[in-house]
Amino acid sequence: MTFPQFAKVIVDAPLPELDYTVGDEVQLMVGDRVLVPLGARKVVGIVTGLSDSTEIAAGKLKSVLRVFHEVEPLRKEWLKTMAFAADYYLRPRGEAALSALPPFFRLPATPTYERRLQKLRELKTKKITYEPAPVLNDEQKAAADAVSASIGYAPFMLFGVTGSGKTEVYLHIIESVLTKDHEAQVMLLVPEINLTPQLEARVRARFAQALVVTMHSSLTPAERARNWLAVHEGRARILVGTRMAVFASFQKLSLIIVDEEHDPSYKAGEGMRFSARDVALKRAFDNKIACVLGSATPSLET
């Protein structure tokens with residue numbers, strides 16, 4: 001069996017895709033994280049393509065040093081999302097993609113890498129008391145049924161004043177999606193960190209049998225890596241997070257909800273400037289799923 005001789009790799013630098021040679025018997029897949037030389041450094045990159053030929057002179061090419069097979073490759077859907085975000089928001093693709101990964105997954109591996117990775121997979125969950133779903137009123141039920149019955153890409157605006165029960169509609173829609181497909185995963189975005197614990201507790205209580213994780217800037221690097229990995233490997237069914245969560249890697253993203261979609265906190269003001277609300281709609285379009293935008297004061301775009 002022959003394997004491709006060259007790999008196109010993006011790295012966290014203002015550079016285009018770089019070509020590297022692939023050693024004999026080295027099995028690479030698009031989406032694999034690899035260790036490659038970059039100047040005098042060794043950096044982590046992401047494979048975006050494989051080929052049997054290259055336009056670079058053989059003497060100028062360096063080789064892939066290591067493939068991180070311990071973690072599944074990043075899916076093509078995620079790579080497509082990051083390529084879109086980089087191009088649309090005028091950022092080098094490598095910088096956009098690598099910065100979206102937790103620090104643990106973008107730094108060269110230490111001798112204890114595999115042991116630390118195993119610890120990250122050991123998610124400790126607390127025993128949670130299940131809270132049954134209340135009965136929806138007619139307007140809530142009509143909204144939940146409309147989203148649940150949708151097929152393919154379907155953007156929805158859930159308009160309701162504060163206290164009108166939008167969150168309960170979200171929970172019913174999530175329940176419908178998770179019940180239909182036991183591999184389905186849901187992304188629930190909130191604008192502020194201080195809203196995450198309150199909503200997280202409510203989601204955990206409703207879905208006591210499902211793994212629910214969070215993603216926001218107040219997490220420690222280890223917590224962020226642990227939660228990211230749980231979503232990436234499909235173990236976490238629901239991700240509740242702020243704008244950074246829009247770039248999480250899912251196994252089977254099946255529903256996106258953006259609460260308070262009008263909030264300016266969804267727009268990043270440092271690093272890569274992006275709108276998580278807009279990226280959420282693009283991911284829903286690419287995955288052919290529903291995206292619910294909830295607000296009492298919808299944005300002008302909506």
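**Spaces, sheets and helix packing in a predicted model**

Biologist: How much space lies in the largest cavity?

Modeller: This is a predicted model, in which local features need pLDDT of at least 70 and side-chain atom pairs count only at pLDDT 80 or more, while totals for chains, interfaces and linings use all residues. Residues are numbered from 1 along each chain as its sequence is written, and side-chain values use heavy atoms, without hydrogens and water. On a 1 Å grid over the protein atoms alone, a cavity is a set of points where a 1.4 Å probe fits but cannot get out, and a volume is the space filled by probe spheres on those points, joined across faces, edges and corners. A search of the whole structure finds 1 cavity of 30 Å³ or more, and the space in the largest cavity is about 40 Å³.

Biologist: How do the residues that line the largest cavity divide by class?

Modeller: The lining (residues with an atom within 4 Å of a point) is formed by Gly31, Asp32, Arg33, Phe68, Val71, Glu72, Pro73, Leu74, Trp228 and His232. Ala, Val, Leu, Ile, Met, Phe, Trp, Tyr, Cys and Pro count as nonpolar, Asp, Glu, Lys and Arg as charged, and the others, Gly among them, as polar. The lining of the largest cavity therefore divides into 5 nonpolar, 2 polar and 3 charged.

Biologist: Which residues lie closest to the centre of the largest pocket?

Modeller: A pocket is an open set of points with protein on both sides within 12 Å along at least five of seven lines, and the largest pocket has a volume of about 610 Å³. Its lining divides into 9 nonpolar, 3 polar and 9 charged residues, with at least two residues supplied by each of H6, E9 and H7. Of the 21 residues that line the largest pocket, the closest to its centre are Leu123, Lys124, Thr125, Arg204 and Val212.

Biologist: Which helix gives the most to the lining of the second largest pocket?

Modeller: The second largest pocket holds about 510 Å³ of space, and Arg243, Met244, Ala268, Glu270 and Phe274 lie nearest its centre among the 21 residues of the lining. By class, that lining has 9 nonpolar, 5 polar and 7 charged residues. Helices (H or I, at least four residues) and strands (E, at least two) are DSSP runs numbered from the N terminus, and the helix that gives the most, with 3 residues, is H2 (residues 93-99).

Biologist: Which strands stand at the edges of the sheet with parallel pairing?

Modeller: This open sheet has 6 strands in the order E7-E12-E11-E8-E10-E9, where two strands pair if DSSP finds at least two bridges between them. E7 and strand E12 (residues 290-295), for instance, pair in the parallel sense over 6 bridges, and Leu158 stands opposite Gly294 in E12. Two strands of the sheet have a single partner strand each, so one side of each is left without a neighbour, and these are E7 (154-159) and E9 (212-215).

Biologist: Which residue in E2 stands opposite Phe6?

Modeller: Another open sheet has 6 strands with mixed pairing, in the order E5-E2-E1-E4-E3-E6, and the edge strands E5 (62-63) and E6 (66-67) each pair on one side only. Within this sheet, strand E1 (residues 6-11) and strand E2 (residues 18-21) pair in the antiparallel sense over 4 bridges. The residue in E2 opposite Phe6 is Thr21.
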